[in-house]
Amino acid sequence: MTIKVIGAGFGRTGTSSLQAALEQLGFGKCYHMREVFAHPEHARIWLAASQGKSVDWDALLAGYQATVDWPGCTFYREMMAHYPDAKVLLSVRDADRWHQSALNTIYGFRRNAPPKWLWWLKSPSWRLHRRMGDSIIWDGTFGGRFEDKHHAISIFKRHNAEVQRAVPAERLLVYDVKQGWEPLCRFLGVPVPDTPFPHLNDTAEFQRMLRQRLRSDRLALNGALMLVMLGLGLLVWLRQRWSE
(Lines give C-alpha, C1' and ligand atoms only; values in the text may rest on other atoms or scores of the structure.)
Protein backbone atom coordinates (compact mmCIF):
# COMPACT_ATOMS: atom_id res chain seq x y z
CA MET A 1 0.00 0.00 0.00
CA THR A 2 1.26 3.49 -0.84
CA ILE A 3 0.09 7.09 -0.57
CA LYS A 4 -2.12 8.01 -3.52
CA VAL A 5 -3.52 11.36 -2.31
CA ILE A 6 -1.57 14.03 -0.45
CA GLY A 7 -3.60 16.65 1.40
CA ALA A 8 -1.85 20.03 1.27
CA GLY A 9 -4.61 22.11 2.88
CA PHE A 10 -4.37 23.44 6.42
CA GLY A 11 -6.51 21.99 9.18
CA ARG A 12 -10.05 23.39 9.55
CA THR A 13 -10.60 23.46 5.78
CA GLY A 14 -13.11 20.64 5.87
CA THR A 15 -10.44 18.01 6.42
CA SER A 16 -12.63 15.78 8.59
CA SER A 17 -15.26 15.66 5.86
CA LEU A 18 -12.54 15.12 3.28
CA GLN A 19 -11.04 12.27 5.27
CA ALA A 20 -14.43 10.55 5.39
CA ALA A 21 -15.02 11.19 1.68
CA LEU A 22 -11.63 9.79 0.62
CA GLU A 23 -12.12 6.68 2.71
CA GLN A 24 -15.58 6.19 1.22
CA LEU A 25 -14.04 6.45 -2.26
CA GLY A 26 -11.56 3.70 -1.43
CA PHE A 27 -8.54 5.78 -0.43
CA GLY A 28 -8.42 4.54 3.12
CA LYS A 29 -7.09 4.71 5.61
CA CYS A 30 -6.61 8.46 5.43
CA TYR A 31 -4.08 10.07 7.78
CA HIS A 32 -5.44 13.02 9.79
CA MET A 33 -4.12 14.72 12.94
CA ARG A 34 -6.36 12.39 14.93
CA GLU A 35 -4.04 9.56 13.90
CA VAL A 36 -1.27 11.16 15.95
CA PHE A 37 -3.51 10.98 19.02
CA ALA A 38 -4.22 7.34 18.21
CA HIS A 39 -0.50 6.63 17.69
CA PRO A 40 1.42 8.86 20.14
CA GLU A 41 4.74 7.46 18.93
CA HIS A 42 4.16 9.25 15.61
CA ALA A 43 4.51 12.64 17.31
CA ARG A 44 8.23 12.09 17.79
CA ILE A 45 8.65 11.35 14.07
CA TRP A 46 6.71 14.45 12.98
CA LEU A 47 8.69 16.55 15.46
CA ALA A 48 11.92 15.22 13.94
CA ALA A 49 10.61 16.09 10.47
CA SER A 50 9.96 19.67 11.61
CA GLN A 51 13.58 19.84 12.73
CA GLY A 52 14.80 18.89 9.26
CA LYS A 53 15.64 15.29 10.10
CA SER A 54 15.02 12.50 7.62
CA VAL A 55 11.78 10.54 7.85
CA ASP A 56 10.97 7.02 6.70
CA TRP A 57 7.68 7.97 5.08
CA ASP A 58 6.81 4.42 4.13
CA ALA A 59 7.15 3.26 7.73
CA LEU A 60 5.28 6.25 9.18
CA LEU A 61 2.41 6.02 6.68
CA ALA A 62 2.22 2.24 6.41
CA GLY A 63 -1.40 1.20 5.97
CA TYR A 64 -2.55 4.60 4.68
CA GLN A 65 -3.46 5.66 1.13
CA ALA A 66 -4.14 9.35 1.72
CA THR A 67 -3.30 12.24 4.03
CA VAL A 68 -5.19 15.39 5.02
CA ASP A 69 -4.83 18.08 7.68
CA TRP A 70 -1.78 18.76 9.83
CA PRO A 71 0.87 17.57 10.31
CA GLY A 72 0.99 16.08 6.82
CA CYS A 73 0.09 19.27 4.93
CA THR A 74 3.28 20.93 6.16
CA PHE A 75 5.34 18.27 4.39
CA TYR A 76 3.44 17.99 1.12
CA ARG A 77 6.62 18.75 -0.89
CA GLU A 78 8.57 15.96 0.78
CA MET A 79 5.73 13.51 0.25
CA MET A 80 5.31 14.62 -3.37
CA ALA A 81 8.95 13.75 -4.00
CA HIS A 82 8.66 10.42 -2.20
CA TYR A 83 5.35 9.46 -3.85
CA PRO A 84 5.71 10.77 -7.41
CA ASP A 85 2.45 9.19 -8.57
CA ALA A 86 0.35 10.67 -5.78
CA LYS A 87 -2.11 13.45 -6.51
CA VAL A 88 -2.23 16.58 -4.38
CA LEU A 89 -5.44 17.90 -2.88
CA LEU A 90 -5.45 21.50 -1.64
CA SER A 91 -8.54 21.95 0.55
CA VAL A 92 -9.55 25.59 0.89
CA ARG A 93 -12.28 27.73 2.45
CA ASP A 94 -13.07 31.38 3.12
CA ALA A 95 -10.06 32.77 5.01
CA ASP A 96 -12.01 34.63 7.68
CA ARG A 97 -14.20 31.65 8.43
CA TRP A 98 -11.14 29.40 8.50
CA HIS A 99 -9.37 31.56 11.08
CA GLN A 100 -12.44 31.85 13.30
CA SER A 101 -13.00 28.10 13.14
CA ALA A 102 -9.40 27.27 14.03
CA LEU A 103 -9.38 29.86 16.81
CA ASN A 104 -12.48 28.32 18.38
CA THR A 105 -11.33 24.72 18.10
CA ILE A 106 -7.79 23.45 17.63
CA TYR A 107 -6.09 26.63 18.84
CA GLY A 108 -8.21 26.51 21.98
CA PHE A 109 -6.24 23.47 23.13
CA ARG A 110 -3.05 25.50 23.00
CA ARG A 111 -4.45 28.74 24.37
CA ASN A 112 -5.95 26.98 27.38
CA ALA A 113 -3.04 24.67 28.10
CA PRO A 114 -1.53 24.81 31.60
CA PRO A 115 1.58 27.00 32.02
CA LYS A 116 4.88 25.29 31.28
CA TRP A 117 5.82 25.02 34.96
CA LEU A 118 2.84 22.68 35.35
CA TRP A 119 3.58 20.50 32.33
CA TRP A 120 4.96 17.84 34.66
CA LEU A 121 1.33 17.16 35.60
CA LYS A 122 0.63 15.98 32.05
CA SER A 123 1.64 12.67 30.50
CA PRO A 124 4.87 12.38 28.47
CA SER A 125 2.80 11.75 25.33
CA TRP A 126 0.83 14.98 25.96
CA ARG A 127 4.06 16.97 26.35
CA LEU A 128 5.50 15.44 23.17
CA HIS A 129 2.33 16.15 21.19
CA ARG A 130 2.36 19.75 22.46
CA ARG A 131 5.99 20.17 21.34
CA MET A 132 5.13 18.72 17.95
CA GLY A 133 2.12 21.01 17.49
CA ASP A 134 4.10 24.09 18.45
CA SER A 135 7.06 23.16 16.26
CA ILE A 136 4.98 22.37 13.16
CA ILE A 137 1.93 24.60 13.45
CA TRP A 138 1.74 27.41 16.00
CA ASP A 139 5.40 28.44 16.08
CA GLY A 140 6.71 26.78 12.94
CA THR A 141 3.97 27.94 10.57
CA PHE A 142 2.47 30.97 12.29
CA GLY A 143 5.49 32.23 14.21
CA GLY A 144 3.62 32.22 17.51
CA ARG A 145 1.17 34.84 16.20
CA PHE A 146 -1.91 32.86 15.32
CA GLU A 147 -4.17 35.16 17.37
CA ASP A 148 -3.11 38.01 15.08
CA LYS A 149 -5.86 37.48 12.51
CA HIS A 150 -4.21 39.50 9.74
CA HIS A 151 -0.93 37.63 10.16
CA ALA A 152 -2.55 34.18 10.34
CA ILE A 153 -4.70 34.80 7.27
CA SER A 154 -1.70 36.08 5.32
CA ILE A 155 0.14 32.82 6.12
CA PHE A 156 -2.93 30.82 5.11
CA LYS A 157 -3.19 32.58 1.76
CA ARG A 158 0.56 32.41 1.15
CA HIS A 159 0.58 28.66 1.78
CA ASN A 160 -2.28 28.09 -0.65
CA ALA A 161 -0.53 30.17 -3.30
CA GLU A 162 2.76 28.34 -2.78
CA VAL A 163 1.06 24.95 -3.20
CA GLN A 164 -0.44 26.08 -6.49
CA ARG A 165 2.96 27.26 -7.71
CA ALA A 166 4.81 24.14 -6.55
CA VAL A 167 2.44 21.42 -7.76
CA PRO A 168 2.00 20.76 -11.50
CA ALA A 169 -1.54 21.64 -12.57
CA GLU A 170 -2.31 18.10 -13.77
CA ARG A 171 -1.42 16.76 -10.36
CA LEU A 172 -3.36 19.29 -8.26
CA LEU A 173 -6.98 19.90 -7.28
CA VAL A 174 -7.90 23.09 -5.41
CA TYR A 175 -11.04 22.02 -3.64
CA ASP A 176 -13.73 23.30 -1.31
CA VAL A 177 -15.78 20.55 0.32
CA LYS A 178 -18.90 22.58 -0.52
CA GLN A 179 -18.32 21.46 -4.14
CA GLY A 180 -19.28 17.90 -3.22
CA TRP A 181 -18.43 14.70 -5.04
CA GLU A 182 -18.20 15.72 -8.71
CA PRO A 183 -14.84 17.56 -8.91
CA LEU A 184 -13.23 15.26 -6.37
CA CYS A 185 -14.26 12.07 -8.14
CA ARG A 186 -13.33 13.47 -11.55
CA PHE A 187 -9.87 14.36 -10.26
CA LEU A 188 -9.34 10.96 -8.68
CA GLY A 189 -10.87 9.03 -11.57
CA VAL A 190 -13.48 7.20 -9.53
CA PRO A 191 -17.29 6.92 -9.84
CA VAL A 192 -19.50 9.39 -8.02
CA PRO A 193 -21.24 7.68 -5.06
CA ASP A 194 -25.02 7.71 -4.85
CA THR A 195 -24.85 8.89 -1.23
CA PRO A 196 -24.61 12.45 0.13
CA PHE A 197 -21.17 13.94 0.54
CA PRO A 198 -20.09 13.69 4.19
CA HIS A 199 -20.24 17.06 5.93
CA LEU A 200 -18.75 16.61 9.38
CA ASN A 201 -18.97 19.74 11.49
CA ASP A 202 -16.89 18.81 14.53
CA THR A 203 -16.69 22.29 16.11
CA ALA A 204 -19.12 21.27 18.86
CA GLU A 205 -17.14 18.08 19.52
CA PHE A 206 -13.87 20.06 19.74
CA GLN A 207 -15.41 22.47 22.22
CA ARG A 208 -16.80 19.61 24.30
CA MET A 209 -13.35 18.00 24.46
CA LEU A 210 -11.82 21.37 25.34
CA ARG A 211 -14.24 21.84 28.24
CA GLN A 212 -13.44 18.35 29.50
CA ARG A 213 -9.71 19.02 29.33
CA LEU A 214 -10.07 22.34 31.14
CA ARG A 215 -11.95 20.60 33.95
CA SER A 216 -9.25 17.94 34.10
CA ASP A 217 -6.50 20.57 34.17
CA ARG A 218 -8.25 22.49 36.95
CA LEU A 219 -8.51 19.33 39.04
CA ALA A 220 -4.84 18.57 38.42
CA LEU A 221 -3.86 22.13 39.34
CA ASN A 222 -5.92 22.02 42.51
CA GLY A 223 -4.28 18.73 43.41
CA ALA A 224 -0.81 20.14 42.76
CA LEU A 225 -1.53 23.22 44.87
CA MET A 226 -2.82 21.02 47.67
CA LEU A 227 0.38 18.99 47.59
CA VAL A 228 2.46 22.18 47.67
CA MET A 229 0.47 23.51 50.63
CA LEU A 230 0.81 20.22 52.49
CA GLY A 231 4.53 20.20 51.77
CA LEU A 232 4.93 23.74 53.06
CA GLY A 233 2.88 22.92 56.13
CA LEU A 234 5.08 19.92 56.81
CA LEU A 235 8.23 22.03 56.47
CA VAL A 236 6.86 24.61 58.92
CA TRP A 237 5.94 21.87 61.38
CA LEU A 238 9.37 20.23 61.11
CA ARG A 239 11.12 23.56 61.55
CA GLN A 240 9.12 24.24 64.70
CA ARG A 241 9.97 20.80 66.08
CA TRP A 242 13.66 21.26 65.37
CA SER A 243 13.70 24.69 67.05
CA GLU A 244 12.13 23.40 70.27
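Setting aside neighbours within four places in sequence, Trp98 is in contact (heavy atoms within 4.5 Å) with Phe10, Gly11, Arg12, Thr13, Trp70, Arg93, Phe142, Phe146, Ala152, Ile153 and Phe156. Trp98 is buried at 0% relative accessibility, where buried means under 20% relative accessible area, exposed over 50% and partly exposed in between, with a 1.4 Å probe and protein chains only. The model is a predicted one, in which local features need pLDDT of at least 70 and side-chain atom pairs count only at pLDDT 80 or more, while totals for chains, interfaces and linings use all residues. Residues are numbered from 1 along each chain as its sequence is written, and side-chain values use heavy atoms, with hydrogens and water left out.

**Nonpolar cores**

- A nonpolar core is a set of buried Ala, Val, Leu, Ile, Met, Phe, Trp, Tyr and Cys residues joined through side-chain atoms within 4.5 Å.
- The largest such core has 47 residues, of which Trp46, Trp57, Trp70, Trp98, Phe142 and Phe146 touch the most other members.
- Another core, of 19 residues, lies apart from the largest one and includes Leu22, Leu25, Ala66 and Phe197.
- In soluble globular proteins, nonpolar side chains tend to be buried together.

**Aromatic pairs and a charge over a ring**

- The structure holds 21 aromatic pairs; rings of Phe, Tyr and Trp (its six-membered ring) pair if their centres lie within 6.5 Å, and planes under 30 degrees apart count as stacked, over 60 as edge-to-face and the rest as tilted.
- Phe10 and Trp98 form a tilted pair, with 6.1 Å from centre to centre and 35° between the planes.
- Phe10 lies in the loop between strand E1 (5-7) and helix H1 (15-24), and Trp98 in helix H6 (residues 95-104), so this pair ties together parts that are 88 residues apart in sequence.
- Helices (H or I, at least four residues) and strands (E, at least two) are DSSP runs, numbered from the N terminus.
- Trp57 is in helix H4 (residues 57-60) and Phe75 in the loop between strand E3 (66-67) and helix H5 (76-82), so the pair ties together parts 18 residues apart in sequence.
- Trp57 counts as buried at 7% relative accessibility, as does Phe75 at 5%.
- Ring pairs link a cluster made up of Phe10, Trp70, Trp98, Tyr107, Trp138, Phe142, Phe146 and Phe156.
- Lys87 lies over the face of Phe187, at 5.0 Å from the ring centre; a charge sits over a ring if NZ of Lys or CZ of Arg is within 6 Å of the ring centre and within 35 degrees of the ring normal.

- Five strands form an open sheet in the order E2-E3-E1-E4-E5, with parallel pairing; two strands pair if DSSP finds at least two bridges between them.
- Strand E2 (30-31) and strand E5 (172-175) are the edge strands, each pairing on one side only.
- E1 and E3 run parallel and are joined by two bridges, and Ile6 stands opposite Thr67 in E3.
- H1 lies across E1, E2, E3, strand E4 (87-91) and E5, and runs at about 145° to E4; axes are lines fitted to C-alpha atoms, for helices over the stretch in contact, and angles run from 0 to 180 degrees between N-to-C directions.

**Backbone geometry**

- Most residues other than glycine have a negative phi, and most peptide bonds are trans.
- Gly28 and Lys29 are joined by a cis peptide bond with omega of about -5°, and Lys29 is found in the loop between H1 and E2.
- The peptide bond from Trp70 to Pro71 is also cis, with omega near 0°, and Pro71 is in the loop between E3 and H5.
- Asp69, in the loop between E3 and H5, has a positive phi of about 70° although it is not a glycine; Asp69 is buried, at a relative accessible area of 8%.
- Arg12, in the loop between E1 and H1, has a positive phi near 70° and is buried, at a relative accessible area of 11%.

**Gly144**

- Gly144 is placed in the loop between helix H8 (124-138) and helix H9 (149-166) and is partly exposed, with a relative accessible area of 42%.
- The C-alpha atoms of Gly144 and Asp134, 10 residues apart along the chain, are separated by 8.2 Å.
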